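Here are some friendly notes to read alongside the model. Keep the structure open and find each place as you go.

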Amino acid sequence: MSGLENCKPMNTWFKKLDTRPIVISGPSIVESEEQLLNTARELKKVEQVKIFKAGAWKPQTTAKSFGDRGLDILQWLNQVKQETGLLTMVEVASPKHVEMCLRHNVDILWIGARTTSNPFSVQELASALQGMSVPVMVKNPINPDVNLWIEALETINKAGISRLAAIHRGFYPFEKTRLHNIPKWEIPIELRSRFHNLPIICDPSHIAGANKYVQEMAQKAMDLNMDGLMFESHFNADEGISDQERQLTPADLNQVLRKLICRLPSVEDIEENRLEKYRDQIDSVDSQLIELLAQRMNIVEGIGEYKAEKNMTILQLQRWEKVREKGIELGKSLGLSEPFVAQLLRMIHKEAILKQNEVMNRK
């Protein structure tokens with residue numbers, strides 16, 4: 001069994017984290033001492049914010065423009081702690097970053113998506129963290145690979161870090177979408193299904209890419225029972241030099257948090273029996289769906305044998321288009337959305353093609 005099963009809940013990390021959701025906020029990049037301190041002071045007024053994050057080493061920023069200021073930023077963060085009492089959190093991408101952060105009493109470290117995508121970099125950080133007790137949060141890799149994410153988390157865990165959390169910030173899209181990153185909610189859901197005790201934080205700012213979508217993404221994360229939210233914030237967001245379109249002012253962040261609906265994961269009364277009845281119905285329908293899909297694939301195998309005998313191509317485009325058109329029309333009449341039915345039919349058709357190809361090769 002993976003050591004991730006023994007990860008501690010976030011509200012045992014620090015007494016001041018005993019809220020849901022845990023809210024982390026701070027600037028995308030530290031521009032100046034004034035910007036850092038003013039943002040922290042304003043965020044202190046937002047009751048739910050418990051952790052102040054700051055980008056001390058921004059990957060896309062050149063060393064010439066930013067690299068020499070990491071030490072200054074860590075010193076400013078100490079002032080933030082003294083003035084506000086907020087916990088501090090910094091992204092680390094190298095053993096040197098780890099050493100500097102620990103020496104300057106940073107409370108929490110996080111590993112960015114680019115670093116998570118590189119197992120060699122993660123192992124270097126794990127070696128630097130060996131024997132330490134600092135909490136670490138690991139963002140998902142750039143590409144939607146849950147196993148790569150788990151590998152990074154396990155590597156850090158094996159270094160002795162039990163105060164561990166995952167951060168879902170979405171994945172780089174291959175096509176243009178309204179969001180900056182594709183959420184692919186099924187990935188953090190899969191992570192939660194494998195490791196029930198692992199806290200998962202959502203980063204609505206990176207997923208949204210624009211302030212107008214942040215509320216929607218934050219609510220979706222809450223509906224999926226995530227443990228916390230991580231927002232980018234700037235006391236004067238319109239004048240920020242980085243990521244202005246997705247940085248909220250502390251006042252705007254407060255409004256987002258006030259509008260959030262935090263739903264219960266379960267209820268402890270007679271209504272629970274009602275929920276179980278619904279779940280039993282779902283289980284029954286799911287079983288029937290799977291049985292029907294198996295029957296369909298048996299028919300597909302017969303079609304593959306026929307095409308092999310007649311030396312026909314597997315893909316029959318007109319037939320596929322007709323199946324797709326009829327399926328979408330039926331789905332609409334039954335109240336199903338067109339994108340959902342279209343995606344479902346594509347998956348079934350893809351499996352049918354693979355099955356027929358298997359038959360062809362066997363023949």
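1. Look at the outward face of helix 11: turned away from the buried side, it carries the exposed residues A251, R258 and K259. Here exposed means over 50% relative accessible area, buried under 20%, and partly exposed in between, using a 1.4 Å probe and protein chains only. Helices (DSSP H or I, at least four residues) and strands (E, at least two) are numbered from the N terminus.

2. Now turn to the other side. In helix 11, which covers residues 250-259, P250, L253, V256 and L257 are buried. They line one face of the helix, because down its axis they fall within an arc of 110°, taken from the directions from the axis to the C-beta atoms. Their cover includes strand 1 (22-26), helix 1 (33-44) and strand 8 (228-232); here contact means heavy atoms within 4.5 Å.

3. A word on what you are viewing: this is a predicted model, where local features need pLDDT of at least 70 and side-chain atom pairs count only at pLDDT 80 or more, while totals for chains, interfaces and linings use all residues. Residues are numbered from 1 along each chain as its sequence is written, and side-chain values use heavy atoms, without hydrogens and water.

4. For the whole chain, count 14 helices and 8 strands. Of its 363 residues, 45% are buried.

5. Which residues touch the most other members of the largest nonpolar core? They are I156, L191 and F231, in a core of 71 residues. Such a core is a set of buried Ala, Val, Leu, Ile, Met, Phe, Trp, Tyr and Cys residues joined through side-chain atoms within 4.5 Å. Another core, of 16 residues, lies apart from it and has I24, I51, W110 and M230 among its members.

6. Next, find helix 13 (residues 317-333) and helix 14 (residues 338-362), which pack at about 145° with axes 9 Å apart. The axes are lines fitted to C-alpha atoms over the stretch in contact, and angles run from 0 to 180 degrees between N-to-C directions. Residues of helix 13 that meet helix 14 include W320, V323 and I328; on the helix 14 side, V341, A342 and L345 are among them.

7. Finally, check some backbone details. The peptide bond from R20 to P21 is cis, with omega near 0°. N225, in the loop between helix 10 and strand 8, is not a glycine, yet has a positive phi of about 65°. N225 is partly exposed, at 28% relative accessible area.
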